[in-house]
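Thanks for asking me to look this one over. My notes follow as numbered points, each on one topic.

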Amino acid sequence: MTPNELIKMRQDTHGNFTDNAFRTIAGTKTIINTNTPYEAQFASFMIIHKLSRINSGDWKYLDHWRDIQGYAQLIINELEHQNGHNV
């Protein structure tokens, strides 16, 4: 499969690259607090990115929702580790 064939295939589930990039950039500028730790900023960025894909592409594509859950879980795990216990 060529890169252009992959792009065409993913556009159905992930949406248009330009639209998605714009939504992600716009979302990060207005939502992410740069005073939070880098891990939280990155997880927030990725969640915004996945939300952008949901709104640009196929909202029923389960991997988008699973990815959001996964990034949130990574932060939960880190916070639990820092606190020395499960909350």
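1. Asp67 counts as partly exposed because its relative accessibility is 29%; buried means under 20% relative accessible area, exposed over 50%, and partly exposed in between, with a 1.4 Å probe and protein chains only. Its salt-bridge partner is Lys50, with the closest N and O atoms 2.9 Å apart. This pair links distant parts of the chain, as Lys50 sits in helix 3 and Asp67 in helix 4, 17 residues apart. Lys50 counts as buried because its relative accessibility is 7%. A salt bridge here is a side-chain nitrogen of Lys or Arg within 4 Å of a carboxyl oxygen of Asp or Glu.

2. Before going on, a word on the basis: this is a predicted model, in which local features need pLDDT of at least 70 and side-chain atom pairs count only at pLDDT 80 or more, while totals for chains, interfaces and linings use all residues. Residues are numbered from 1 along each chain as its sequence is written, and side-chain values use heavy atoms, with hydrogens and water left out.

3. How many salt bridges does the rule give? The count comes to two. An α-helix has 3.6 residues a turn, so residues three or four places apart point the same way. Asp63 is partly exposed, at a relative accessible area of 34%, and Arg66 is also partly exposed, at 48%.

4. Helix 3 covers residues 38–56, which makes 19 residues. From first C-alpha to last, helix 3 reaches 26 Å, close to the 27 Å expected at 1.5 Å a residue; the expected span is 1.5 Å times one less than the number of residues. Helices are DSSP runs (H or I, at least four residues), numbered from the N terminus. Among the buried residues of helix 3 are Ala43, Met46, Ile48, His49 and Lys50. Their cover includes helix 1, helix 2 (17–31) and helix 4 (62–83).

5. Arg53 deserves a look of its own. Leaving aside neighbours within four places in sequence, Arg53 is in contact (heavy atoms within 4.5 Å) with Thr13, His14, Asn20, Asp58 and His64. The C-alpha atoms of Arg53 and Asp19 are separated by 9.1 Å, although these residues are 34 apart along the chain.

6. Thr13 is buried at 17% relative accessible area, and His14 counts as buried at 12% relative accessibility. Their side chains make a polar contact at 2.6 Å; such a contact is a pair of N or O atoms within 3.5 Å, where within protein one must be able to donate a hydrogen and the other to accept it, and residues adjacent in sequence count only if both atoms are side-chain atoms. Not counting residues up to four places away in sequence, His14 touches Asn20, Arg53, Ser56, Gly57, Tyr61 and His64. With the neighbours within four places likewise set aside, the contacts of Thr13 are Arg53, Gly57, Asp58, Tyr61 and His64.

Terms used. Helix = DSSP H or I, 4+ residues; strand = E, 2+ residues; numbered from the N terminus.
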